[in-house]
Amino acid sequence: MICRQPEFVQETLNRVRESDVSSFLPFARHLIVTGCGTSFHAATYGARILQSLSGGREVVEAVPAYDLAHGPMPRRAIVLGVSHSGSTPTTNRALARAKRSGLRTAGLCGLPNSEMERIVDDALVIGS
């Protein structure tokens with residue numbers, strides 16, 4: 001698996017290039033990136049990159065999925081869930097709760113046909 005990392009990275013880059021990322025995740029005044037475990041670490045780094053790309057015009061923050069699933073829900077935001085499998089229960093619970101609260105939801109996952117894809121408004125499957 002480690003030896004195949006360059007192949008996996010190339011697969012991901014190809015999928016992102018082929019996708020219309022701007023329609024998947026339009027910039028909003030408030031974007032919350034969430035996940036669990038290592039996916040939350042990726043969400044934290046991704047939030048920093050997205051904040052930088054926004055030029056400071058938007059608020060982009062990483063919030064643990066547990067906090068979104070059980071804590072206060074923001075009134076206006078887009079919630080982006082990150083999960084390798086797309087089947088992480090707490091992340092999916094947070095996304096479902098955000099959607100029920102009227103927020104736009106998006107999912108970024110590695111595997112197709114996941115529970116996450118069925119929950120969110122928009123999903124981007126980027127491969128391994």
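The questions below move from the overall fold to the sheet, the cores, the salt bridges and a few single residues.

User: Which pattern of helices and strands does the chain follow when it is read along the sequence?

Analyst: Before we look at the pattern, please keep in mind that this is a predicted model. The chain has six helices and five strands. Read along the sequence, these elements follow the pattern α-α-β-α-β-α-β-α-β-α-β.

User: In what order do the five strands stand in the sheet?

Analyst: The five strands form an open sheet in which the pairing is parallel. Strand E2 (59–62) and E5 stand at the edges, each with a single partner strand, so one side of each has no neighbour in the sheet. Averaged over the sheet and ignoring direction, neighbouring strands are turned by 15° against each other. With E2 at one edge and E5 at the other, the order is E2-E1-E3-E4-E5.

User: Which residue in E5 is the bridge partner of cysteine 109?

Analyst: Strands E4 and E5 run parallel and are joined by four bridges. Cysteine 109 has its bridge partner in E5, and that partner is valine 125.

User: At about what angle does H5 run to E3?

Analyst: Two helices can be described by the strands they meet. Helix H3 (residues 38–53) lies across strand E1 (30–34), E2 and strand E3 (78–83), and its direction makes about 165° with that of E2. H5 also packs on the sheet, where it touches E3 and E4, and its angle to E3 is about 165°.

User: Which residues touch the most other members of the largest nonpolar core?

Analyst: The largest nonpolar core has 17 residues, and the ones with the most contacts to other members are Ile32, Leu68, Val79 and Leu95. Helix H4 (65–70), helix H5 (89–100) and helix H6 (115–119) are the elements that give two or more residues to this core. A second, separate core has 10 residues, among them Leu50, Val60, Ile78 and Ala106. For the largest core, then, the names asked for are Ile32, Leu68, Val79 and Leu95.

User: Which residues does leucine 68 touch, leaving out those up to four places away in sequence?

Analyst: Leucine 68 belongs to the largest nonpolar core and is one of the residues that touch the most other members. With residues up to four places away in sequence left out, its contacts are Ile32, Thr34, Val63, Met73, Pro74, Val79, Ala94 and Arg97.

User: How many residues apart in sequence are the parts tied together by aspartate 121 and lysine 99?

Analyst: The side chains of aspartate 121 and lysine 99 meet in a salt bridge, with 3.4 Å from N to O. Aspartate 121 lies in the loop between H6 and E5, whereas lysine 99 lies in helix H5, so the pair ties together parts of the chain that are 22 residues apart.

User: Where do arginine 104 and aspartate 122 lie, and how many residues apart are they?

Analyst: The side chains of arginine 104 and aspartate 122 meet in a salt bridge of 2.4 Å, N to O. Arginine 104 counts as partly exposed because its relative accessibility is 27%, and aspartate 122 counts as partly exposed because its value is 25%. The pair links distant parts of the chain, with arginine 104 in strand E4 (residues 104–109) and aspartate 122 in strand E5, 18 residues apart.

User: Is arginine 118 buried or exposed?

Analyst: Arginine 118 and glutamate 115 both lie in helix H6, three residues apart, which is about one turn of the helix. Their side chains meet in a salt bridge (3.3 Å, N to O). Glutamate 115 has a relative accessible area of 36% and is therefore partly exposed. Arginine 118 has a relative accessible area of 56%, so this residue is exposed.

User: How many disulfides does the structure hold?

Analyst: A disulfide is a covalent bond between the sulfur atoms of two cysteines. Cysteine 3 counts as exposed, at 76% relative accessibility, while cysteine 36 counts as partly exposed, at 26%. The number of disulfides in the structure is zero.

User: How far apart in space are glycine 127 and glutamine 10, C-alpha to C-alpha?

Analyst: Glycine 127 is placed in the segment after strand E5 (122–125). Its relative accessible area is 5%, so glycine 127 is buried. Glycine 127 and glutamine 10 are 117 residues apart in sequence, and their C-alpha to C-alpha distance in space is 9.8 Å.

Conventions
Residues are numbered from 1 along each chain as its sequence is written. This is a predicted model: local features need pLDDT of at least 70, side-chain atom pairs count only at pLDDT 80 or more; totals for chains, interfaces and linings use all residues. Side-chain values use heavy atoms; hydrogens and water are left out. A nonpolar core is a set of buried Ala, Val, Leu, Ile, Met, Phe, Trp, Tyr and Cys residues joined through side-chain atoms within 4.5 Å. Buried means under 20% relative accessible area, exposed over 50%, partly exposed in between (1.4 Å probe, protein chains only). Contact means heavy atoms within 4.5 Å. A disulfide is a pair of cysteine sulfur atoms within 2.5 Å. A salt bridge is a side-chain nitrogen of Lys or Arg within 4 Å of a carboxyl oxygen of Asp or Glu. Two strands pair if DSSP finds at least two bridges between them. Axes are lines fitted to C-alpha atoms, for helices over the stretch in contact, and angles run from 0 to 180 degrees between N-to-C directions.
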